[in-house]
Amino acid sequence: MRSSWDYCGTISHDQLGPKPGWRLIRTETGPIDALLVESSSRRFYVCCPDEAPKDEVAHYLGTIVLPKFVACDGNLVLHASMVATSKGAIGFLGASGQGKSTLSASLERHGSWLVSDDAIQVQFDGQEWHGLNLSTGLRLRPDSFEQLRTKFHELPPSRQFLGKHHVAIASARESARLVALFQLAEPAKDISIEAISSKDACIAILSNSFCLDPDDRDETAQRFTMAGKLAQSLPMFDLHYPRDFERLPEVHDAIFKIMGWKPSAA
Amino acid sequence: MTCTINPDIRYSCSADAMISRLGDEIVILDLKKNVYFVLDEVGTVVWDQLQDGQTPTAICTHVEGSFSQVPDNVSADIYAFLSQLLANNLIKPT
């Protein structure tokens, strides 16, 4: 856990009125209706229906809310998965459902190490960028889960959550040196990879980063500064490919080729 | 929305605008609206000239002298660009 916030318990809708110093953040998906947060003392309440399953609330806090809290602490947190190879780690950015987890799980199956599934905290140590794991496991869509299920075992909640299965990552690493980012583009018939400019990379990074409160100027400014720095330091590519399990090994080859790596680098 | 640019006064960066310089280009973040603007190479030159305290008239002269192939209506383009910056509160008269 790289963010230390105190969970103060649940709160009812009646108690969501304005409170000096507290911000109300409504959520659009999942079992939680809203969060009431007090940033300066790092405290928060959860507003959710009484019948909301506790394991789903806990899972939601760990997977969806935690990255936002880490971002609120002044960190750049990308909505991305990340796999490590012997040559360095690569991150895959993209909206939910674009295939980040499936591609990462597939690379993991072929010898790479999964670092994070859905959220990576990006840090610069003065010389290199590093990606840190912020995921509690891997979340796979049902079709990907069926294809890859022999490799993984399920974690709680064992039923589908937000339309995905939650599975353990056997070979997960806590962090790795980040050397490139790939933005998953809309599905395409053919596999192609195109380098993108620093300014486009900056916008892509910002578009795929977590923030707790978009109206918080300090948080937004910090995110912007780090995104610009990251965009200038690392190569970034648009990755187009068909969402076809049979062709994922070709996608791996294309990624390794553009990175100038031999397949054995996995 | 369009805003009229005075050719002879100086404009400076608004407190709500934050910039990130990426090579020859600039990305501007509007902190108030949380919206990003990307400037191309010419836009970046215009922006830098604004920050150096140049008036729109001086900026047009500078751009015309800085690029080998400048379209005939470059001044109109620059004024339109400055008007956009002003309309989005990214610059303000000083």
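A salt bridge is taken here as a side-chain nitrogen of Lys or Arg within 4 Å of a carboxyl oxygen of Asp or Glu. The model is predicted: local features need pLDDT of at least 70, side-chain atom pairs count only at pLDDT 80 or more, and totals for chains, interfaces and linings use all residues. Residues are numbered from 1 along each chain as its sequence is written, chains are lettered from A in the order in which they are written, and side-chain values use heavy atoms, with hydrogens and water left out.

**Exercise 1.** Describe the contact between chain B and chain A.

*Solution.* Step 1: with contact meaning heavy atoms within 4.5 Å, chain B contributes 17 residues and chain A contributes 15 residues.

Step 1: buried area is the accessible area (1.4 Å probe) that two parts lose on being put together, summed over both. For chain B and chain A this area is about 1,400 Å², and carbon and sulfur atoms give 67% of it. On the chain B side, Leu22(B), Leu31(B) and Tyr36(B) supply 38% of the area that chain B buries against chain A, more than any other three residues.

**Exercise 2.** Locate the partners of the salt bridge between Asp216(A) and Arg23(A).

*Solution.* Step 1: the closest N and O atoms of this pair are 3.6 Å apart.

Step 1: helices (H or I, at least four residues) and strands (E, at least two) are DSSP runs, numbered from the N terminus. Asp216(A) lies in the loop between α4 (198-207) and α5 (217-233) of chain A, and Arg23(A) in strand β2 (residues 23-26) of chain A, 193 residues apart.

Step 2: Arg23(A) is buried, at 19% relative accessible area. A network of salt bridges links Arg23(A), Asp213(A) and Asp216(A).

**Exercise 3.** Classify the accessibility of the salt-bridge partners Glu250(A) and Arg247(A).

*Solution.* Step 1: their side chains meet at 3.2 Å, N to O.

Step 1: Glu250(A) is partly exposed at 39% relative accessibility, and Arg247(A) is partly exposed at 23%.

Note on methods: Buried means under 20% relative accessible area, exposed over 50%, partly exposed in between (1.4 Å probe, protein chains only).
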